[in-house]
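Subject: Structure handover

Dear colleague,

I am passing on the structure that you will be working with, and below it you will find a careful account of what turned up in it. Please keep the model open beside this message while you read.

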Amino acid sequence: MSRPSYAEIARLEERRLALGTSSVVACAEPIAGGSMAFDGDGSWGNFAAGLGLDGPVSVEELDRLVAFYATRGTEPQIHVCPFAHESLVRGLAARGFVLREFENVLAREIAPDEDLRALVPYRGPEGLEIVRVDPGDEAQVRVFIEVSTSGFRAEGEPLAPALFEITRRVVAQPGCDAYLALVNGEPAGGGSVEIAGDGAALFGASVLPRFRERGIQQALIVRRLERVRERGRHLACISASPGIPTERNAMRLGFFMAYSKGVFVRRSESAQAPA
């Protein structure tokens, strides 16, 4: 079977992101082939994704997008992939949206008979074990959330309730599997994998500082790739900010750069006013 085109990969991943996010946030609505989601202050679930992949985005849809976030008092944040219809970018610019950052999306095919564990000759530190989290085990879920979100917080920063709650819902989501890395029984890292629609993605991984550079993140990637295959998918994606260790580790394990997308935000009314 031939490799999917970059546009096909983008459609799989952006729709997976839209579907998966909609299933764990407080409020979501379909729009322009994707979804817009809201989950409250402090949550990462306040964004729209998957828009414009099926054709033009209308003026009415763009106005509805702005109103959805304005009525909830939240800054609109829109993920725009390079294969979205040009009307999306034009319409966002006309409404005061600007580019905040880029995000790279990497992809990897998984052959049915591939020995994925052979990708990591060094199997990590002695005593390393990768275990699947039981969503019904509250103590294990809490440990997983503390560890897997550690890389998204400043060292020593407490876990915000909003981040805890949305991550807990992710762990409980039927399409998601969470994995905890233990070293001689001590929590060292964690990460998740999600199947939504026809897409699959590895996300939300962190390794505690004292356990870094010992092969744990690569072991977590391999175990989650195995899970993607177990669940009947043969392509997985990882999203990462350009140049961070996640991107480098993924590329060492056979991921390739599929596309970069922009994250757009809307300037405040005061910022839009002329000086």
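**Salt bridges**

Arg231 and Asp177 meet through their side chains in a salt bridge, with 2.9 Å from N to O, where a salt bridge means a side-chain nitrogen of Lys or Arg within 4 Å of a carboxyl oxygen of Asp or Glu. Because Arg231 lies in the loop between H6 and S10 while Asp177 belongs to strand S7, the pair ties together parts that are 54 residues apart in sequence; helices (H or I, at least four residues) and strands (E, at least two) are DSSP runs numbered from the N terminus. Arg231 is partly exposed at a relative accessible area of 26%, whereas Asp177 counts as buried at 9%, given that buried means under 20% relative accessible area, exposed over 50%, and partly exposed in between (1.4 Å probe, protein chains only). Both residues belong to one network, joined by salt bridges that share partners, which also takes in Arg117, Arg132, Arg223, Glu226, Arg227 and Glu230.

Before going further, please note that this is a predicted model, in which local features need pLDDT of at least 70 and side-chain atom pairs count only at pLDDT 80 or more, while totals for chains, interfaces and linings use all residues. Residues are numbered from 1 along each chain as its sequence is written, and side-chain values use heavy atoms, with hydrogens and water left out.

The structure holds 22 salt bridges. One of them joins Glu14 to Lys261, with the closest N and O atoms 3.2 Å apart, and since Glu14 lies in helix H1 (residues 6-22) and Lys261 in strand S11 (residues 256-266), this pair ties together parts that are 247 residues apart in sequence. Glu14 is buried at 1% relative accessibility, and Lys261 is buried with a relative accessible area of 1%.

**Nonpolar cores**

A nonpolar core is a set of buried Ala, Val, Leu, Ile, Met, Phe, Trp, Tyr and Cys residues joined through side-chain atoms within 4.5 Å. The largest has 29 residues, and those touching the most other members are Leu202, Phe211, Ile216, Ile221, Leu225, Val228 and Phe255. At least two residues of this core come from each of S7, S8, S9, helix H6 (216-230) and strand S10 (235-240), and H6 gives the most, with seven residues. A second, separate core of 19 residues includes Val57, Val66, Phe97 and Phe264.

Where does Asp39 lie? Asp39 is found in the loop between strand S2 (34-38) and strand S3 (48-49), and it counts as buried at 14% relative accessibility. Its side chain makes a polar contact of 2.6 Å with that of Arg169, a polar contact being a pair of N or O atoms within 3.5 Å, where within protein one must be able to donate a hydrogen and the other to accept it, and where residues adjacent in sequence count only if both atoms are side-chain atoms. A polar atom of the Asp39 side chain also lies 2.8 Å from the backbone nitrogen of Ala26.

Ala32, although not a glycine, has a positive phi of about 50°; it sits in the loop between strand S1 (27-31) and S2 and is buried at 14% relative accessibility. Glu213, also not a glycine, has a positive phi of about 60°, but this residue, in the loop between S9 and H6, is exposed with a relative accessible area of 86%.

With best wishes
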